[in-house]
Amino acid sequence: MIKKAIGWVDERFPLTELVKHELTEYPVPKNLNYWWSFGFLAVFILALQLVSGIFLAMHYKPDAQLAFDSIQHIMRDVNYGWLIRYLHSTGATAFFAVIFIHIARTLYYGSYRRPRELLWWTGLGLLVLLMATAFMGYLLPWGQTSYWGAQVITSLFGTTPFYGEDIVRWLRGDFVVGDATLTRFFALHYLFPFIIIGGVVIHLVALHWVKSSNPSGITLNDRDNIPFHPYFTIKDLFGVGVFLIVFCGFVFFGPELLIEPNNNIAADPMQTPAHIVPEWYFLPFYTILRSIPDALGGVIAMSMSILIFAALPWLDRSTVPGGALYRPGYRVLVYLFFVDVLVLGYIGAKPPEGVFVVIGQIATFIYFGMFLLLPIVSSREGRHSREEGLPRQAERLIREEQEELLRREHYQARPPTVTPVARQRRDSKGRK
Amino acid sequence: MTSDKELDPNRRDFLGLATAAVGAVGVAGACWPFISSMNPSKDIKATSTSTADLASIPPGKSHTVEWQGKPVFVVHRTDEQIAAMEAKVSSIDPQQDKERVQQPQWLVVVGICTHLGCVPNRTSAGWSCPCHGSMYDNSGRVVRGPAPKNLIVPHYEFVSESKIIIGKA
């Protein structure tokens, strides 16, 4: 019965073919470690955010007069409203944590390198979309931090030469962040996740075309690949389990850790809180913004701090495959970069005075310096390893893979087989 | 080497099924808060009871009380009306009058026609529905169709001689 139904569908839609191609026969390198589970985790959180968000929208009111109270209504009156809201607010943090680790893995293992440039760029596009979605969602509770955060970020567009003021007024639909801003942010906050889903599909299509990278950075042959299902579905689900333990710890025992206390005060356009800090996931970029003494320069530096990642496939000029595993120079750069981002984040949470300003500026300088150093370090490293040879492990792996490739080519080198019928037809044609 | 299948053909299947079952229970449990959130919230439940003051209703008169957004008729029946109602049983939805009241002089019914939801109008004999002409007697029992059932008696309690609370929180 089920077989018959599947057969009926298969005749009209490539269901079995799709499952085979994308899951049960989709080849994945067998040496992937748990850092490769974060893509799956990100999809899981996207689904969680989507579901919890839709259920919150059933009770939320995008109106400057009602928004703040409707959050209290969700927290106090709606059945499990507190749970759904904390899932959503903690989920935003978890989303960025997972995405940052996902990106850090890409950097560490050099997964952005040829032929995965488009995969990398679609990923960066998704990061920008995620940031926009998170920013707009953060206004919706209509608390003090929400309000002034939105006021500050929309003001950034005011640094645009000539049209700055017009653009800011257009974004807000008002002279300040107001009811019009709140309502449009709500509409867009509801829309963007669906655009993100579209982006994820493109990201996955690109992934399934070039296949996953792996820690060695060497493209593995069939012999060293195993199907995604069941091996990696199980592995990724285990990852989800571990993630949920940590996540639920925050949701049930410390949900307020991630909510700025000031945001429990309703938005007041007449009074800015004494110390206003963006959400933790924006802190490094916020520091870069503050470190440049010029307003327009700061905005450009902050945008560049994300856009510059797109140039990585060109900046990395190494001939050694992969990322940090077989490239000690690159490894040092990557670790320094990670520490630098942490320093930038720490500075972002501190008031912009005294020594913090100087440290922030140095860290900003190092941040961009890394990208400038990369071409030099990577090409020198390539030259060095050509003279000295790669680590023995890498040499062996490359040799084995090449032998495998040669062996395959040898078997495939025979002329294409012609069916007897076709041969007969060809022969008879020739005779005439 | 012997494979798992040969050693113990059912063990792996059992583990697989058990894992799937536990997972399914977990997913179902995780769905519950979301489903529950669509039920009436606490502020709506807080309005789920209404109080009616009986002292202000003279004999023979009816008051309409709002309960959960619906009209509830509270009727102070006269002795003649009580006697007339106790004497007969309706035919469409047979019910004794004493099954429908707690104290015979007080009739409490939801004022929504059981046919298609209109609010019946008060007449001397009971109620008549303006929409499709259903008739109810002074016990709220349907005496003429198309309504299929008697007017619903809500849950109510006497908190004192002259006060009732309609509904259950």
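These legends go with a set of close-up views of the structure. The model is a predicted one, in which local features need pLDDT of at least 70 and side-chain atom pairs count only at pLDDT 80 or more, while totals for chains, interfaces and linings use all residues. Residues are numbered from 1 along each chain as its sequence is written, and chains are lettered from A, with ligands numbered from 1, in the order in which they are written.

**View 1. Where chain A and chain B touch.** Twelve residues of chain A and nine residues of chain B make up this contact. Two residues are in contact here if their C-beta atoms, placed from the backbone, lie within 7 Å. On the side of chain B that touches chain A, helix H2 (11–36) and helix H3 (42–45) of chain B each bring in at least two residues. H2(B) gives the largest share of that side, three residues. A note on the labels: helices (H or I, at least four residues) and strands (E, at least two) are DSSP runs, numbered from the N terminus. Sorted by class, the side of chain B that touches chain A has four polar, three nonpolar and two charged residues. For the classes, Ala, Val, Leu, Ile, Met, Phe, Trp, Tyr, Cys and Pro count as nonpolar, Asp, Glu, Lys and Arg as charged, and the others, Gly among them, as polar.

**View 2. A four-stranded open sheet in chain B.** Follow the strands across and you get the order S5-S6-S7-S8, with antiparallel pairing. Strand S5 (121–122) and strand S8 (142–144) of chain B sit at the edges with a single partner strand each, so one side of each has no neighbour in the sheet. Two strands pair if DSSP finds at least two bridges between them. S5(B) and strand S6 (residues 126–128) of chain B have two bridges, in the antiparallel sense. Look for B:Arg122 here: its bridge partner in S6(B) is B:Trp127.

**View 3. A three-stranded open sheet in chain B.** This one runs S1-S10-S9, again with antiparallel pairing. Strand S1 (50–53) and strand S9 (156–160) of chain B are the edge strands, and each pairs on one side only. On average, neighbouring strands of this sheet are turned by 30° against each other, direction ignored. S1(B) and strand S10 (residues 163–166) of chain B run antiparallel and are joined by four bridges. One pair to pick out is B:Ala52 with its bridge partner B:Ile164 in S10(B).

**View 4. Helices H5 and H10 of chain A, side by side.** Helix H5 (residues 81–108) and helix H10 (residues 228–253) of chain A pack at an angle of about 135°, and their axes are 10 Å apart. Axes are lines fitted to C-alpha atoms, for helices over the stretch in contact, and angles run from 0 to 180 degrees between N-to-C directions. H5(A) and H10(A) are therefore oblique to each other; angles under 35 degrees count as roughly parallel, over 145 as roughly antiparallel, 65 to 115 as roughly perpendicular and the rest as oblique. From H5(A), the contact uses A:Tyr86, A:Leu87, A:Thr90 and A:Ala94, and from H10(A) it uses A:Phe247, A:Phe250 and A:Val251. Six residues of this contact are nonpolar, one is polar and none is charged.

**View 5. Helices H11 and H12 of chain A.** Helix H11 (residues 283–291) and helix H12 (residues 295–307) of chain A pack at about 150°, with axes 7 Å apart. A:Phe285, A:Ile288, A:Leu289 and A:Arg290 of H11(A) meet A:Gly298, A:Val299, A:Ala301, A:Met302 and A:Ser305 of H12(A). The residues of this contact come out as six nonpolar, two polar and one charged.

View 6. Most residues other than glycine have a negative phi, and most peptide bonds are trans. The peptide bond from A:Arg114 to A:Pro115, though, is cis, with omega near 5°. A:Pro115 lies in the loop between H5 and helix H6 (117–139) of chain A. Another cis peptide bond, with omega about 10°, joins A:His229 and A:Pro230, and A:Pro230 is in helix H10 of chain A. A:Tyr80 is not a glycine, yet has a positive phi of about 60°. Its place is in the loop between helix H4 (67–76) and H5 of chain A. A:Lys211 is not a glycine either, and has a positive phi of about 70°.
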